[in-house]
Amino acid sequence: MSNLEQTLSIIKPDAVERNLDNEIKEIFKNKGFKIVDEKKIQIEKSEAEKFYKVHETKPFYNDLCSYLSSGPIVVMILEKENAVIANRELMGATNPTEAEEGTIRKKFGISIDKNSVHGSDSIENAKIEIEFFFKD
Ligand code: CMP
């Protein structure tokens, strides 16, 4: 049965700064993801705080929000069968040192903060995150 889904992907400042955005987009496309919409933007810290609100009680919340707003990012709507889980598998573990070979975070991630990409963690959050960046 077809289970076409959309998920939100962010290419984070560490990867955009190293001009890895096109290479990362090619990886998604080669794995069968369609980039339905995309934009390169820089967000305010207050917007990052809203985006990462689920993490507001975590000790790393402030640094995380400063980081996401520290430079340009590329936000994308990715579409594929079971896109949420497929994207999470392709990204690899949050901490690049724990990510498996062949994953984006293993290949490009620098640290748990500078882990090159974000992806929605559930179908419900994918809808919220897509709406957050592409509401118009
Ligand atoms: P991301 O998938 O964008 O979601 C939240 C981010 O918080 C995560 O990737 C990491 O980059 C960052 N982060 C920093 N410290 C931690 C931590 N201890 N556990 C989980 N995420 C962390």
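Visitor: Which definition decides whether E38 and K25 form a salt bridge, and how far apart are their closest N and O atoms?
Guide: A salt bridge is a side-chain nitrogen of Lys or Arg within 4 Å of a carboxyl oxygen of Asp or Glu. In this predicted model, E38 and K25 meet that definition, because the cut-off is 4 Å and their closest N and O atoms lie at a separation of 2.7 Å.

Visitor: Which elements hold E38 and K25, and how many residues apart are they?
Guide: The pair joins distant parts of the chain. E38 belongs to strand 2 (residues 34–41) and K25 to helix 2, and the two are 13 residues apart.

Visitor: Is K25 buried or exposed?
Guide: Buried means under 20% relative accessible area. E38, its partner, is partly exposed at 36%. K25 has a relative accessibility of 13%, so K25 is buried.

Visitor: Where in the chain does the partner of E23 lie?
Guide: E23 forms a salt bridge with K107, with closest N and O atoms 3.7 Å apart. E23 is in helix 2 (residues 21–30), and 84 residues separate the two partners. K107 lies in helix 6 (residues 104–108).

Visitor: Which class of accessibility does K107 fall into?
Guide: E23 is partly exposed, at 37% relative accessible area. The exposed class begins over 50%. K107 reaches 56%, and therefore counts as exposed.

Visitor: What relative accessibility does D14 have?
Guide: D14 pairs with R18 in a salt bridge whose closest N and O atoms are 2.6 Å apart. R18 is partly exposed at 33%. D14 counts as buried, with a relative accessibility of 3%.

Methods: Residues numbered from 1 in each chain as written. Predicted model: local features only at pLDDT ≥ 70, side-chain atom pairs only at ≥ 80, totals over all residues. Heavy atoms only, no water. Buried < 20%, exposed > 50% of the residue type's maximum accessible area, 1.4 Å probe, protein only. Helix = DSSP H or I, 4+ residues; strand = E, 2+ residues; numbered from the N terminus.
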